[in-house]
Amino acid sequence: MTITSIEQFLQGRQLSAIGPEDSVEAACSLMARRNIGALAVLRDGRLVGIVSERDVLRRCVSARRAVSETRVEEIMTTDPVTVRRRDSLAEAQTRMSEGGFRHLPVVTAEGVPVGMVSMRDIPTEYRLMVERFRDSRRSVLAG
């Protein structure tokens, strides 16, 4: 079966999330246990941010802040770009490439967070196909 939508991709996967008041240490522990690179940050079931390994390194560790004393909300990326679960993997890949990030929260049409897509989740062959299509389209438009 060829996966064409994010909804198909997310089947059987659980959203990994943490609260904004939780410690960065708790976020790191959860990411390590689940072998993932980012968490949705939820307040009362609503997406308020995303915290990634990169956020931890750049905004906490390299700033010499104690992971046990720093709250997730102090280092998270607020108002993250999202993708809807019925969108295509190509759309997710495009948003990540254009935004310069590797993780993208997935929401329903009503804005309810339901998952996370990572650039590493998209098969290499699929990424290459989308990039080639995008390059060929640019060539035609520039032509």
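What follows is a set of questions and answers about a predicted model.

Reader: What makes up the protein, and how many helices and strands are there?

Author: There are six helices and seven strands. Starting at the N terminus, their order is α-β-α-β-β-α-α-β-β-α-β-β-α. The protein has 143 residues, and 38% of them count as buried.

Reader: Why is Cys60 called buried?

Author: Buried means under 20% relative accessible area. The value for Cys60 is 0%, so Cys60 is buried.

Reader: Why is Cys28 called partly exposed?

Author: Its relative accessible area is 28%. The partly exposed class lies between the buried limit of 20% and the exposed limit of 50%, so Cys28 belongs there.

Reader: Why is Pro80 called buried, and where is Pro80 placed?

Author: Pro80 sits in the loop that lies between strand S4 (77–78) and strand S5 (83–84). Its relative accessible area is 14%; the cut-off is under 20%, so Pro80 counts as buried.

Reader: Which residues is Pro80 in contact with, leaving aside its neighbours within four places in sequence?

Author: With those neighbours set aside, the contacts of Pro80 are Leu47, Gly49, Ile50 and Pro105. Gly49 is 31 residues from Pro80 in sequence, yet the C-alpha atoms of the two are 5.9 Å apart.

Reader: What makes S3 and S4 a pair of strands?

Author: Pairing takes at least two bridges. S3 and S4 have two bridges, in the antiparallel sense, so they pair. Across from Ile50 stands Thr77 in S4.

Reader: How do you know that S2 and S3 pair as well?

Author: Six bridges join S2 to S3, and at least two are required, so these strands also pair. They run antiparallel and form a hairpin with two residues between them. Asp44, in the turn, has a positive phi of about 55 degrees. Arg43 is placed opposite Arg46 in S3.

Reader: What makes strand S3 mostly covered?

Author: Of the seven residues in S3 (residues 46–52), five are buried.

Reader: Which residues have the most contacts inside the largest nonpolar core?

Author: They are Ile18, Leu39, Val51 and Val72, in a core of 13 residues. Two or more residues of this core come from each of helix H2 (24–34), strand S2 (38–43), helix H3 (53–61) and helix H4 (72–75). H2 gives the largest share, four residues. Leaving aside neighbours within four places in sequence, the contacts of Leu39 include Ile18, Leu30, Val51 and Met116.

Reader: What residues does the second, separate core include?

Author: That core has 12 residues, among them Phe9, Ala92, Val106 and Met119.

Reader: Which residues of helix H5 are buried?

Author: In H5 (residues 89–99), they are Leu89, Ala92, Gln93, Thr94 and Met96.

Reader: What share of the contacts joins residues 24 or more positions apart?

Author: Among contacts with a separation of 6 or more, the share is 52%.

Methods:
Residues are numbered from 1 along each chain as its sequence is written. This is a predicted model: local features need pLDDT of at least 70, side-chain atom pairs count only at pLDDT 80 or more; totals for chains, interfaces and linings use all residues. Side-chain values use heavy atoms; hydrogens and water are left out. Buried means under 20% relative accessible area, exposed over 50%, partly exposed in between (1.4 Å probe, protein chains only). A nonpolar core is a set of buried Ala, Val, Leu, Ile, Met, Phe, Trp, Tyr and Cys residues joined through side-chain atoms within 4.5 Å. Contact means heavy atoms within 4.5 Å.
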